[in-house]
Amino acid sequence: MGDKATLIVESGDFDKIYSAFIIGNGALSMGMDVSMYFTFWGLERLKKDNLDKGPLSKMNFLGLGKLFMKWKMKKANVRSLENMLQDYVELGGKIFACDMTMEIMGIEKEDLRDEVITEYCAVGTYIKEARESEMTLYI
Amino acid sequence: MSEEIKVNCLGENCPVPLVETRKALRKAEKGDVLVVTGDHSASKKEIPMAVEAMDLELISVEEKDDYWEIRIRK
């Protein structure tokens, strides 16, 4: 067993993307290796200029709930998602993009933020890494 | 010659103090001392956990008036 965390990010919801990056960055900060697999709605968030565009998973109220949440987060000085992603990459976190999602949803490589993506892959790569991980999460 | 590196996390929230500590540790040389200051209370407990997990030396954890200061040797 390696000292590794592997996360599947299936949700594209604003709050869940936050959860994924907070956990990912926390694990990296505590000395673990981290891999995140972005699939389905999660992968949508890796499109250019799309990272913080997801709705709240609950009480979104056509975006009003999210605005309120963003205001509360700003007051609490919570780091932006974009900065969390930059921290994640700086600390050596790996990002994998699911190639089947790309095919189903008609997402091309040039639509995605290629500079932060470590590899385009399928389920086998995830299983290989998850098998070596002490911690796996599905978000 | 080992250096003293300051990491100011005053006013920062979860997980920033932990992340900034890790970033600074990655850049530091062996023997350097990190002085992390902050006022996010959970981080005061969690930074020492990270130090232990990474097998580094926790020199001290001090509570000041309205902030804490943690010293770590890489």
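Biologist: What share of the contacts in chain A with a separation of 6 or more comes from residues 24 or more positions apart?

Modeller: Those residues account for 78% of them, a contact being two residues whose C-beta atoms, placed from the backbone, lie within 7 Å. The model is predicted: local features need pLDDT of at least 70 and side-chain atom pairs count only at pLDDT 80 or more, while totals for chains, interfaces and linings use all residues. Residues are numbered from 1 along each chain as its sequence is written, with chains lettered from A and ligands numbered from 1 in the order in which they are written.

Biologist: What makes up the secondary structure of chain A?

Modeller: Chain A has six helices and five strands, in the order β-α-β-α-α-α-β-α-β-α-β from the N terminus. Helices (H or I, at least four residues) and strands (E, at least two) are DSSP runs, numbered from the N terminus.

Biologist: Why is chain A called as compact as a globular protein of its length?

Modeller: Its radius of gyration, taken over C-alpha atoms, is 15 Å. The C-alpha trace of chain A spans about 40 × 35 × 25 Å along its principal axes.

Biologist: Which elements of chain B supply at least two residues each to the side that touches chain A?

Modeller: The contact takes 14 residues from chain A and 15 from chain B. On the chain B side, α1 (16-27) and α2 (41-53) each supply at least two, and α1(B) gives the largest share, six residues.

Technical notes. Rg over C-alpha atoms; globule rule 2.2 N^0.38 Å.
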